[in-house]
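Hi,

Here is the structure I promised to pass on. Have a look at it first, and my notes on what turned up follow below.

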Amino acid sequence: MHFLKVESDSCTGCQTCLDVCFVNAISFDENEEIPFLAYPEDCQICAVCEAVCPENALEIIPDWESRYYPEILSTGRRS
Ligand code: SF4
Ligand code: SF4
């Protein structure tokens, strides 16, 4: 299962990572005030969440052994 590693000391809770996730795989833990990967099966391992974090506070940890591989979102070739 893919995992989102969050440095809670660095995370400011801005939720930019939630906004950019195009499959809405990330949710925000209001108690801990940090994001978490709520739907790892939907994660496409694009690493955009990691790239946009202004605090460099998160890292996507892919589980290459799991059955949750990125899926082809479009089966038809666009011209
Ligand atoms: S973008 Fe970075 S600082 Fe903002 S909520 Fe996500 S992990 Fe925290
Ligand atoms: S790696 Fe991409 S798909 Fe996965 S949680 Fe981050 S933004 Fe969403």
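Let me start with the inside: which residues of the largest nonpolar core touch the most other members? Bear in mind that this is a predicted model. The core has 14 residues, and the ones that touch the most other members are Leu4, Cys17, Ile26, Cys49 and Leu58. Three strands each supply at least two residues of this core: β1 (3–6), β3 (34–37) and β4 (58–61).

Now for the overall layout. The protein has two helices and four strands, and from the N terminus on the order is β-α-β-β-α-β. There are 79 residues, of which 20% count as buried. If you take the contacts with a separation of 6 or more, 58% of them come from residues 24 or more positions apart.

The strands come in two pairings. β1 and β4 run antiparallel and are joined by four bridges; one of the residues to look for there is Lys5, whose bridge partner in β4 is Glu59. The other pairing is β2 (residues 26–29) with β3, again antiparallel and again with four bridges. Here Ser27 has Phe36 as its bridge partner in β3, and Asp29 stands opposite Ile34. Four residues lie between the strands of the β2 and β3 hairpin, and Glu33 in that hairpin takes a positive phi near 60°.

In β4 the covered face has Leu58 and Ile60, while the uncovered one has Glu59 and Ile61. That puts Glu59, the bridge partner of Lys5, on the uncovered face, whereas Leu58 on the covered face is among the core residues that touch the most other members.

Cys17 is in contact with Ile26, Pro35, Cys49, Val52, Cys53 and Leu58, once you leave aside its neighbours within four places in sequence. Leu37, in strand β3, is buried because 23 other C-beta atoms lie within 10 Å, where 20 or more is what it takes. With the neighbours within four places in sequence left aside again, the contacts of Leu37 are His2, Phe3, Leu4, Ala25, Ile26 and Cys43. Leu37 and Leu4 are 33 residues apart in sequence, yet their C-alpha atoms are 5.6 Å apart.

Next, the ligands. Ligand 1 is surrounded by 13 residues, and the closest are Cys11, Cys14, Thr16, Cys17 and Cys53. By type, that shell divides into eight nonpolar, four polar and one charged. Ligand 2 is surrounded by 14 residues, with Cys21, Ala25, Cys43, Cys46 and Cys49 the closest. The shell around ligand 2 divides into 13 nonpolar and one polar, with no charged residues.

Finally, the loops. Where does Asp9 sit? Asp9 is in the loop between β1 and α1 (16–20). Asp9 counts as exposed because it has 8 C-beta neighbours inside 10 Å, and 12 or fewer is the limit for that class. Glu55 is 46 residues away from Asp9 along the chain, and the two C-alpha atoms are separated by 10.0 Å.

The loop between β3 and α2 (48–52) holds Ile45, and Ala47 is found in that loop too. Phi is positive at each of these non-glycine residues: near 50° for Ile45 and near 70° for Ala47. Why are they classed as partly exposed? Ile45 counts as partly exposed because it has 14 C-beta neighbours inside 10 Å, and Ala47 falls in that class because it has 13.

Those are my notes, so over to you.

Cheers

Definitions and conventions
Residues numbered from 1 in each chain as written. Chains lettered and ligands numbered in written order. Predicted model: local features only at pLDDT ≥ 70, side-chain atom pairs only at ≥ 80, totals over all residues. Near = placed C-beta within 6 Å. Nonpolar A, V, L, I, M, F, W, Y, C, P; charged D, E, K, R; others polar. Core = buried A, V, L, I, M, F, W, Y, C linked by C-beta atoms within 7 Å. Contact = placed C-beta atoms within 7 Å. Pairing = 2+ DSSP bridges.
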